[in-house]
Amino acid sequence: MRVLMPGYREVIHSGHVIEPVCTLPGHADIPACELGRITCADGLTIYVLRCPELYEREGTPYGDELGIGWPDNDIRFARLGLAAADIASNRLGLGWRPQLLHLNDWPSALAAGYLRWRGDATPSIFTIHNLAYQGVYEASRCRALGIPEAAMNLEELEYYGQLSFMKAGIAYSAHVTTVSATYAREITTPAFGCGLESLLERRAEQGRLWGIPNGIDDSWDPRTDAHLAQAFAMNDWRGKRANAEHVRRLFGLGVSSGPLFAVVSRLVHQKGLDLTIGAAESVVRAGGQIVFIGRGEMPVEKALRHLAARFPGAIGVNIGFDEGEARCMYAGSDFLLMPSRFEPCGLSQMYAQRFGSLPIAHRTGGLADTIEDGVTGFLFDEMTLESYIHAIQRAITVFRATDLFYAMRRAAMAGRYHWRQSVEPYSRLYRTTVEGEAACEARYRAMS
């Protein structure tokens, strides 16, 4: 396996040696660029696209420091897809050619299209992490991106008169995966399909849409995590309390024996922050405190600052992100608030459970798959303030029933949502894709 990624400023200045490999040719308005190679300590090869004018910018991978998307994102990520296709087509003399491409979300989706338009048979697997972000551009951009006019039809790229990178990945890949079983079902419906539900429903009927859950890695271990104020193991509730005290000091909260709620999130509409803002007064009245960390949409950030000003000592907000603080919040909190409108998989609920914080979440997507209601967390069904507050009240009632609360905490910490669970499903899907369905199934039957 080898990885291909853009040469963002953080990658270029990461301290890794980037060896020059070759020059990648341009195509249409996509500029030529250099391909570099990082060899990791474990032997993994990472190819890096060195194109300073496209990737070495302040801000995020997708936009400036204010969160406004770069106007040339179509060119930036077409460059990524074209590079993947060039490598897969063995055009660069690397001495290595992949048997398949695994593409992730819209930024890499055009790779499958470039291969198809060249007549290259290298198959792709396309993973949807969040269908709401599709990479949609004006149809007039096809010429600049080197997309043939014939591809602009309902079965391929056309999306309500525009072109969709995401649709290209779905249309041209051999298989489509997403990051939880429930989300795989949800995106075939109008409520969650973002206008692509008919295409995704056909992929499901063809046996080409799969839900394979994400996982978390070994660094999420409260016994060894160096970010924490105090490491702790299951049943070491003094360690949990030490992290809670640290978080309260960090966010300027008062001393309290009540429940501590945490929000670690992108501050966007999808995440249901409006419901948490609406529920905040009832939490504070019940003796609870809430800490928030994240950044995102300006109106949400402003509303959270106003909320903290309303409830000094009970609600703390950090607009931004610091991984050490976030890990301490998981470790110190009693509950994680996660009322997402939709959630393809979600990792925060897994981090929280591993650190003994019980998630309170909307029953959707990966949240429904990874939280057992009343056992490892709390789920609510309707995306309403009333339903959400009822779930919070259930949690506070359990918090006061100490034996039940600790039993739920132990059950959450014992969960096994690890990346290892994804290995076998992906291994089988890779083999299916490369060898063909019949050959793969025959080999599995012979093994069994």
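Let's start with a label from a record: UniProt, in an unreviewed entry, has the annotation "domain: Glycosyl transferase family" covering residues 259-396. UniProt positions follow the numbering used here, feature names are shortened, and annotations may be inferred rather than shown by experiment. The model itself is predicted, so local features need pLDDT of at least 70 and side-chain atom pairs count only at pLDDT 80 or more, while totals for chains, interfaces and linings use all residues. Residues are numbered from 1 along each chain as its sequence is written, and side-chain values use heavy atoms, with hydrogens and water left out.

Over residues 259-396 the chain is 44% helix and 20% strand, with the end C-alpha atoms 7 Å apart. Helices (H or I, at least four residues) and strands (E, at least two) are DSSP runs, numbered from the N terminus. UniProt also places "domain: Starch synthase catalytic", again from an unreviewed entry, at residues 1-201. Over that stretch the chain is 30% helix and 22% strand, and 30 Å separates the end C-alpha atoms.

Now for the cores. A nonpolar core is a set of buried Ala, Val, Leu, Ile, Met, Phe, Trp, Tyr and Cys residues joined through side-chain atoms within 4.5 Å. Buried means under 20% relative accessible area, exposed means over 50%, and partly exposed is in between (1.4 Å probe, protein chains only). The largest core here has 62 residues, and those with the most contacts inside it are Leu35, Ile128, Leu131, Phe165 and Ile170. Helix H3 (residues 73-88) supplies the largest share of this core, ten residues. A second, separate core has 34 residues, including Ile290, Ile396, Phe405 and Ala412. In soluble globular proteins, nonpolar side chains tend to be buried together.

Take a look at Ile170. Setting aside residues up to four places away in sequence, Ile170 touches Phe126, Ile128, Leu131, Val176, Leu196, Leu199, Leu200 and Arg203; contact means heavy atoms within 4.5 Å.

Beyond its neighbours within four places in sequence, Ile125 is in contact with residues including Leu100, His102, Ser173, Leu429 and Tyr430. Ile125 and Tyr430 are 305 residues apart in sequence, yet their C-alpha atoms are 8.1 Å apart in space.

Next, a pair of helices. Two packed helices are described by the angle between their axes and the distance between the axes. Helix H16 (residues 385-400) and helix H17 (residues 402-413) pack at about 110°, with axes 5 Å apart. Axes are lines fitted to C-alpha atoms, for helices over the stretch in contact, and angles run from 0 to 180 degrees between N-to-C directions. H16 and H17 are therefore roughly perpendicular to each other; under 35 degrees counts as roughly parallel, over 145 as roughly antiparallel, 65 to 115 as roughly perpendicular and the rest as oblique. Val398, Phe399 and Arg400 in H16 meet Thr402, Leu404, Phe405 and Met408 in H17.

Most residues other than glycine have a negative phi. Ala28, though, has a positive phi near 55°; this residue sits in the loop between strand S2 (19-24) and strand S3 (33-39) and is partly exposed, at 48% relative accessibility. Asp105 also has a positive phi, near 60°. Asp105 lies in helix H4 (residues 105-108) and is buried, with a relative accessible area of 14%.
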